[in-house]
6 protein chains.
Amino acid sequence: MPYVNIRVTREGVSAEQKLALIEGVTDLLEHVLNKKPADTFVVIDEVDTDNWGVNRESVTSRRRREAAQ
Amino acid sequence: MPYVNIRVTREGVSAEQKLALIEGVTDLLEHVLNKKPADTFVVIDEVDTDNWGVNRESVTSRRRREAAQ
Amino acid sequence: MPYVNIRVTREGVSAEQKLALIEGVTDLLEHVLNKKPADTFVVIDEVDTDNWGVNRESVTSRRRREAAQ
Amino acid sequence: MPYVNIRVTREGVSAEQKLALIEGVTDLLEHVLNKKPADTFVVIDEVDTDNWGVNRESVTSRRRREAAQ
Amino acid sequence: MPYVNIRVTREGVSAEQKLALIEGVTDLLEHVLNKKPADTFVVIDEVDTDNWGVNRESVTSRRRREAAQ
Amino acid sequence: MPYVNIRVTREGVSAEQKLALIEGVTDLLEHVLNKKPADTFVVIDEVDTDNWGVNRESVTSRRRREAAQ
């Protein structure tokens with residue numbers, strides 16, 4: 001009965017990439033803990049870059065600095 | 001001081017249904033654990049069907065299969 | 001595919017009360033949103049009263065004040 | 001390695017206010033627990049007022065009552 | 001900056017298995033979304049079987065039924 | 001109605017430090033967003049170092065390396 005919540009910044013994650021995350025996490029839980037795929041929920045949250053902070057700045061600001069370099 | 005987070009797929013949940021969830025969960029916590037309604041937070045997250053995986057596929061894909069049957 | 005997380009303070013919740021919460025939330029989601037019980041996960045987190053704050057104090061401290069009255 | 005999730009209602013939080021929350025929480029964790037800012041993630045979730053319940057009503061309904069007074 | 005929360009029932013997950021989950025999820029996020037391992041947090045929550053419900057019963061009760069068969 | 005969840009590793013956080021986190025976060029939300037302290041919940045989760053991964057290793061292993069230096 002695993003529940004896995006993946007939180008990433010909203011920066012253009014495609015449906016194909018989301019599916020790859022769902023498949024990868026489900027397989028991992030089956031291989032490591034013998035959890036049945038039918039019992040594994042994977043929920044992906046995409047978070048606006050203004051709403052995610054790391055090192056005392058938003059990811060919006062970090063991306064701007066990275067792009068300027 | 002309960003905090004309840006209900007996560008469902010975003011498939012047309014109406015304001016009336018959201019209110020029914022809020023009322024139902026608040027009443028349940030009052031009846032079972034004697035928690036005061038004023039102290040009970042209920043937060044509903046609606047998740048895009050591409051972002052929810054179960055049984056190694058997205059709910060988008062599951063719904064498509066169900067509709068095809 | 002609902003996932004419901006109930007967070008309450010750890011103050012002696014019995015296995016019977018936990019089951020009543022699980023049944024009540026599962027029934028609510030079936031009645032309001034037509035969600036299948038087999039697809040509904042309910043996870044209860046019990047949190048130490050030192051670790052829960054409301055109104056700028058811990059629940060430990062609030063309970064002490066309430067008991068003193 | 002702290003992870004802090006701030007959930008508030010979606011009622012016009014500006015980018016400046018989000019940054020103030022990110023800075024404030026990061027500084028607090030550094031001062032209280034000596035956590036390095038580079039290791040502190042702060043994620044802000046804005047929740048629609050229809051989706052947040054307290055005291056058995058939605059925040060949408062509470063705001064309407066408050067405005068009417 | 002991904003944050004991944006894996007929630008499983010507390011049924012004897014070893015430190016080796018936890019590490020396999022941490023490595024597997026971190027690698028997955030690097031391969032699928034090009035996320036740097038240094039920026040990926042993985043947090044595993046182990047939940048008592050009395051506190052996890054599925055299909056209107058606790059996992060404790062489900063395990064008892066499975067063992068009896 | 002803010003709800004704030006602070007997740008840190010379980011490495012000897014005292015009740016005084018927990019209270020400082022509760023007070024600091026509550027004050028921050030009052031100053032930045034004008035949220036009433038009575039409506040602010042702060043929940044602190046302490047996570048075992050085996051259960052927290054960063055940079056593809058557990059915090060247990062990271063602490064061991066740091067101590068060896």
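Predicted model: local features only at pLDDT ≥ 70, side-chain atom pairs only at ≥ 80, totals over all residues.
**Exercise 1.** Work out how much area chain E and chain F bury between them, and how many residues are in contact.

*Solution.* Start with the residue lists: 18 residues of chain E touch 11 residues of chain F. Next comes the area, since the size of an interface is often given as the accessible area lost when the parts come together. For chain E and chain F that's about 1200 Å², with 49% of it on carbon and sulfur atoms.

**Exercise 2.** Find the polar links between chain E and chain F, then say which elements of chain E supply the touching side.

*Solution.* Count the salt bridges and you get three. One to look at is F:R7 with E:D45, where the side chains meet at 2.9 Å, N to O. Now go to the elements: β1 (3–9), α1 (15–33) and β2 (41–47) of chain E each give at least two residues to the side facing chain F. α1(E) has the largest share, seven residues. Sorted by class, that side of chain E holds 10 nonpolar, three polar and five charged residues.

**Exercise 3.** Which strand of chain F pairs with β2(E), and in what sense?

*Solution.* The partner is β3 of chain F, residues 52–54, and the pairing is antiparallel over three bridges.

Note on methods. Residues numbered from 1 in each chain as written. Chains lettered and ligands numbered in written order. Heavy atoms only, no water. Contact = heavy atoms within 4.5 Å. Buried area = accessible area lost by both parts, 1.4 Å probe. Salt bridge = Lys/Arg side-chain N within 4 Å of Asp/Glu carboxyl O. Polar contact = N/O pair within 3.5 Å; in protein donor to acceptor, adjacent residues only side chain to side chain. Helix = DSSP H or I, 4+ residues; strand = E, 2+ residues; numbered from the N terminus. Nonpolar A, V, L, I, M, F, W, Y, C, P; charged D, E, K, R; others polar. Pairing = 2+ DSSP bridges.
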